[in-house]
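Subject: Structure handover

Dear colleague,

Here is the structure I said I would pass on. My notes on it follow below.

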Amino acid sequence: MPKDGSVVRLDGQGKPLWLVLELTYRCPLKCPWCSNPVDYEHCHDKELSTEEWKRVLREGRELGALQLGFTGGEPMLRDDLEELVGEANRLGYYTNLITSGVGLTEERLVALKAAGLKQIQLSLQSSDRELTDSLVGARAFDLKIKVARMIKAHGFPMVLNVPVFRHNADQTADILALAEDIGVDYLEFANIQYYNWAMANRDELLPTRQQLEAAERGVQVARERIGDRMTIYFVIPDYYEERPKACMNGWGSIHLTVAPDGAALPCQEARLIQGLDFPTVRERSLAWLWNESPTFRKFRGDEWMREPCRSCSEKEKDFGGCRCQAFLLTGDAANTDPACGRSPAHHLIGEAVARAHAPGRTVKPLVMRTERAAREVLEADRG
C-alpha cells in the first residue's frame, strides 16, 4: 500500500506549531480503541481551571503555536468551552474542535461560532446504526448524523473522522456515500493506532491486509469520481508497512499536547512510556516545558538513535518512527519502531498480525472503556 496521508513534511523551526488541549478525559462513550490512558480516572479531579487553560493559550501563542485543537475525552463536557474558544480566537489561533458530537446542541454550536471557532472534526464509527451504537456503548448514530448536518448548516468546514478497524473496514463505500449525502468537506479514514485501549483490544480490532487494500481501492475510485468536491484521506496502518510513520514529524518538533491535569506531552500517548517524567503547566511555564524539559529533549534530533536508525538514510524522513510504539512492543522507547522492516523487533508486528487472524482463534468481546474495565486491564498488566 502506498504511503498515503501518513507523512508530514513541516519544519516548525523549533516552534510547537500544533497545540492540542485535552480539556478532559471524561466522555459519555465507551469506545474500545480510545486513545486516552487506561488509568484516565486519575485526572478527573485534577482538570485545569478556566484561568489555567487561558494561561496555557497565552503562553502557547508566545511560543509560536498557530493551530489549536480542543479535544478530550469529550470537550463538550467542559462548560467553559465557549469561553476558551473565544480567548483562543482573540489570541489569533486557528481553532479546531474534535468531538464525538455528544453535547453539541444547536445552541452551543451557535455560541461556538460566535466565539470564533473555525473548524469541527466529528467522529463517526460506522455507516450502520446498530454497529455504531454497539461499538461506542450508547445510542449515538442518529445524534452524530444530526450533528453533522447541523455543522454544515452553520457554515463550518465539515471534517468527518472515521477510525478504521476490523469491524468497519468493509464499509468504505457506504461511509463514502453517507459523507457525500451530508456534504462533508474532508473525510479521513484513519487506521487506529494500537496504544492504550486499542492495545487491549488489538487482536479483535486489527483488520486484515485484504480489507485495507480493498478499502484503499474504494477510496481511490471515489477520489476520481468526486474530484475536488470532497478531500479524502486514507491514513495507512503501521502494521502492514515496511517503514514507520514520521510520528509527529519527530518527537518535540512541531506538536505539543497539554493533558487535563496540565502535563505537557510531546504526543497524546507519551504518558505510557515508563521512566519519563511529565511536569505540568502548574509547575513550569509552557516555554520551559517545550524548550528545557528533559522529557521533550529526550528524543529530539537524532543523537538518541541506535542502529539501525543511526546510520539509516531515511532517519530524517521517519525519525525512527514512534517512540510510544517502540516502548510498548520492545520495552525501550529508544529502540527502532518495530513497524520498520529494518528493526530487529519487526517480527513482533508479524506475530501480532498472525495471532489476530489465526484460524480457529477464539473471538473475545471487546473491552469497552469503563472504569471497571480500566481496573481489570491495569491489574492484568501488573500481573
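A residue is called buried when its relative accessible area is under 20%. By that rule Trp251 is buried, and Phe299 is buried too. Please keep in mind that this is a predicted model.

Aromatic pairs

The number of aromatic pairs comes to seven. In one of them, the ring centres of Phe189 and Phe234 are 6.4 Å apart and the planes stand at 45°, so this pair is tilted. Phe189 belongs to strand β6 (residues 186-191) and Phe234 to strand β7 (residues 231-235), so the pair ties together parts that are 45 residues apart in sequence. Both Phe189 and Phe234 are buried.

Trp251 and Phe299 also form an aromatic pair, with 5.2 Å from centre to centre and 85° between the planes, which is edge-to-face. Trp251 is in the loop between β7 and β8 (255-258), while Phe299 is in the loop between α11 (294-297) and α12 (315-318). This pair links distant parts of the chain, 48 residues apart. Together with Trp304, Trp251 and Phe299 form one aromatic cluster.

Charges over rings

Arg300 lies over the face of Trp290, 4.7 Å from the ring centre. Arg369 lies over the face of Tyr40, at 4.0 Å from the ring centre.

Leu29

Leu29 sits in the loop between β1 (18-22) and α1 (50-63). Its relative accessibility is 3%, so Leu29 counts as buried. The C-alpha atoms of Leu29 and Ala198 are separated by 15 Å, and the two residues are 169 residues apart along the chain.

A helix pair

How do helices α5 and α6 cross, and at roughly what angle? The axes of α5 (residues 141-153) and α6 (residues 172-182) come within 10 Å and cross at roughly 40°. Because of that angle, α5 is oblique to α6. On the α5 side the contact is made by Phe141, Ile145, Ala148, Arg149 and Lys152, and on the α6 side by Leu178, Asp181 and Ile182. Five residues of this contact are nonpolar, three are charged and none is polar.

Regards

Note on methods: Residues numbered from 1 in each chain as written. Predicted model: local features only at pLDDT ≥ 70, side-chain atom pairs only at ≥ 80, totals over all residues. Heavy atoms only, no water. Axes fitted to C-alpha atoms, helices over the stretch in contact; angles between N-to-C directions. Helix = DSSP H or I, 4+ residues; strand = E, 2+ residues; numbered from the N terminus. Parallel < 35°, antiparallel > 145°, perpendicular 65-115°, else oblique. Contact = heavy atoms within 4.5 Å. Nonpolar A, V, L, I, M, F, W, Y, C, P; charged D, E, K, R; others polar. Phe/Tyr/Trp six-rings, centres within 6.5 Å; stacked < 30°, edge-to-face > 60°. Buried < 20%, exposed > 50% of the residue type's maximum accessible area, 1.4 Å probe, protein only. Lys NZ or Arg CZ within 6 Å of the ring centre and 35° of its normal.
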